[in-house]
Every structure is written in C-alpha cells, then in structure tokens.
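Here is a short report for a reader new to this structure. Take a look at the sequence and the model before reading on.

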Amino acid sequence: MAVYSDNKIDEDWNKVLPILLQIRSGGPGFEKSEIKMLKDLHSYLYGLAIWSSRLCDISPSGKPYLDSLAVSGVHILSQVALGSKRGASLFMRSMIEDALRYAYFKDHPIEFIKGNSAEKWYVGFEELHIYLNTHPLLDESAVKWDICARLKSEYSMLSEWVHARTVDHLDIGTTLSDINFSVENLSFTLNSIKNMVPSIHLLMICLNSKDLRCIIDSEYRIIRRHLPSAARKLLTRLE
C-alpha cells in the first residue's frame, strides 16, 4: 500500500480491490457490504503505514519494525481475502510486536545489532512490554488510554488463534477448496484492528512527538480519524 496523502487513499484502494478479487478468484466476488468492510480495513492499515514512510528522523534500529508494521497490513488483507483467520491473526499479532520492538530498539541500537547477529538471542514480548510499561516518554495521555494493557490484551487474544489454544481455534480443512473467504473472519479482523490501531497510533505519537513535522496535515487527519473521540481528546498535550 503506497502512502502519499489523504486524497490518495481512494486511489490506493482502487488498486488494492482488484488484487483482492484476484486472490478470491475461485469465489463469487464480494458483496457490497463486504467491500465496505474491506475498504474500512484498508483505511486503518493505510494509516499505520504512514509511520514508516513519513516520520522524520527514524532511527536505523527502529526503522525495520515500522516497515514490518506496514508490510503486515498487506499480508492481513491477503489473508482475509483467502479466508485464513489464523493467518490474519498471526500478522495482526506481529503488528503489536513490531510496535513494541520499535519502542525498544529505537532506544537500544547495541541490542539491535546483537539481536541481528548473535544466535539464539532475542528480546521476548514480556520484556518488551515491561520496557514499554515504564517508558519515560509515555506521558499522562498514554497512561489514561492504558496503551500497554490494551495492546497486551489484544496480543493475548490473537495468540489464542495463532497457537490454537483450543480445537475451536484450529483452521480445519483438508483441501485447498476448504479455505474460503468468510465475512465472519473479515468482521473478526476488522474489529481486532479497530481495537489495536488507536493504541499503536497513540504510542507512535508519544514516542515521536518531536518528529511529526514530516507528516503533512492530510496524512495526520487519516491517523486522527482512526482514534475514538476519547483518544483524540488525550492528544492535546502532545500536539
């Protein structure tokens, strides 16, 4: 998904929809209500991609995780079109990991080098979450919104699908024809994205409040409109 400005978002969607239809080439296409939901999902993912393409002065040790955040959005759309709830859950969970990794590794370039060169060394999710929970740049706005708890809760829910906690979480199908687009899966994915996106946006604003100048007004409006009114009110201290 290419990111430019607000007047480009529909242009981008017009390129994405034919690809989603190709992915679902074995099916009957999408209903109007499904297209509306897919377009809504695309809008949220488009907004997340702004951070990797427009943020000023991104640290080299943080940039790969913002890039991965954007790329995961592409994979989520493809998994939804294919009909894989577990696949979509994996990439949504990856988004949360990438947001936390960005927060950690932008401040730890040495650990970034070590993690990408030493075998069997990595910073796990719990350690990333602990670091974020005590991050000095997460001001009162982030605390009131409870970014850390919200992201951890969504991460735990998605992990149940990724690891198939119960048999109900399994993707059961014995042939390729058993894997089909489902509006229930689309609804699940859209709701999960709507739950996590405000926290990720608020996190990025808190961490990069001095580097938002490269994000033009129309792009920032895209980010703001994906925040609930309660979250938007918390931005007054940061903007």
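The report goes from the overall fold to helix packing and then to aromatic rings.

## Basis of the model

This is a predicted model, in which local features need pLDDT of at least 70 and side-chain atom pairs count only at pLDDT 80 or more, while totals for chains, interfaces and linings use all residues. Residues are numbered from 1 along each chain as its sequence is written, and side-chain values use heavy atoms, with hydrogens and water left out.

## Overall fold

The chain has eleven helices and zero strands. Helices (H or I, at least four residues) and strands (E, at least two) are DSSP runs, numbered from the N terminus. Along the sequence, the pattern reads α-α-α-α-α-α-α-α-α-α-α.

The chain has 239 residues, and 51% of them count as buried. Buried means under 20% relative accessible area, exposed over 50%, and partly exposed in between (1.4 Å probe, protein chains only). Contact means heavy atoms within 4.5 Å. Among contacts in the chain with a separation of 6 or more, 79% come from residues 24 or more positions apart.

## Helices α3 and α9

The axes of α3 and α9 come within 12 Å and cross at roughly 170 degrees. That makes α3 roughly antiparallel to α9. Axes are lines fitted to C-alpha atoms, for helices over the stretch in contact, and angles run from 0 to 180 degrees between N-to-C directions. Angles under 35 degrees count as roughly parallel, over 145 as roughly antiparallel, 65 to 115 as roughly perpendicular and the rest as oblique.

Which residues meet here? From α3 come Leu 66, Leu 69, Ile 76 and Val 80; from α9 come Leu 186, Thr 189, Ile 193, Ile 200 and Met 204. Leu 186 counts as buried, at 0% relative accessibility. Leaving aside neighbours within four places in sequence, Leu 186 is in contact with Glu 34, Met 37, Leu 38, Leu 41, Val 80 and Phe 181. Leu 186 and Lys 85 are 101 residues apart in sequence, yet 8.2 Å apart in space, C-alpha to C-alpha.

## The buried side of α6

Helix α6 spans residues 125-133, and Phe 125, Leu 128, His 129 and Leu 132 are buried in it. They cover an arc of only 100 degrees around the axis, which puts them on the same side of α6. The arc is that of the directions from the helix axis to the C-beta atoms. The buried residues of α6 pack against α4 (85-105), α8 (147-162) and α9 (183-207).

## Aromatic pairs

The whole structure holds eight aromatic pairs. Rings of Phe, Tyr and Trp (its six-membered ring) pair if their centres lie within 6.5 Å; planes under 30 degrees apart count as stacked, over 60 as edge-to-face and the rest as tilted. Tyr 65 and Phe 105 are stacked, 5.4 Å centre to centre with 20 degrees between the planes. Tyr 65 lies in helix α3 (residues 63-82) and Phe 105 in helix α4, so the pair ties together parts 40 residues apart in sequence. Both residues, Tyr 65 and Phe 105, are buried.

The rings of Tyr 104 and Phe 105 have centres 5.0 Å apart and planes at 85 degrees, so this pair is edge-to-face. Tyr 104 counts as buried at 7% relative accessibility. Tyr 65, Tyr 104, Phe 105, Phe 112 and Tyr 131 form one aromatic cluster.

## Charges over rings

A charge sits over a ring if NZ of Lys or CZ of Arg is within 6 Å of the ring centre and within 35 degrees of the ring normal. The charged end of Lys 85 sits over the ring of Phe 188, 4.4 Å from its centre. The charged end of Arg 150 sits over the ring of Trp 145, 3.7 Å from its centre.
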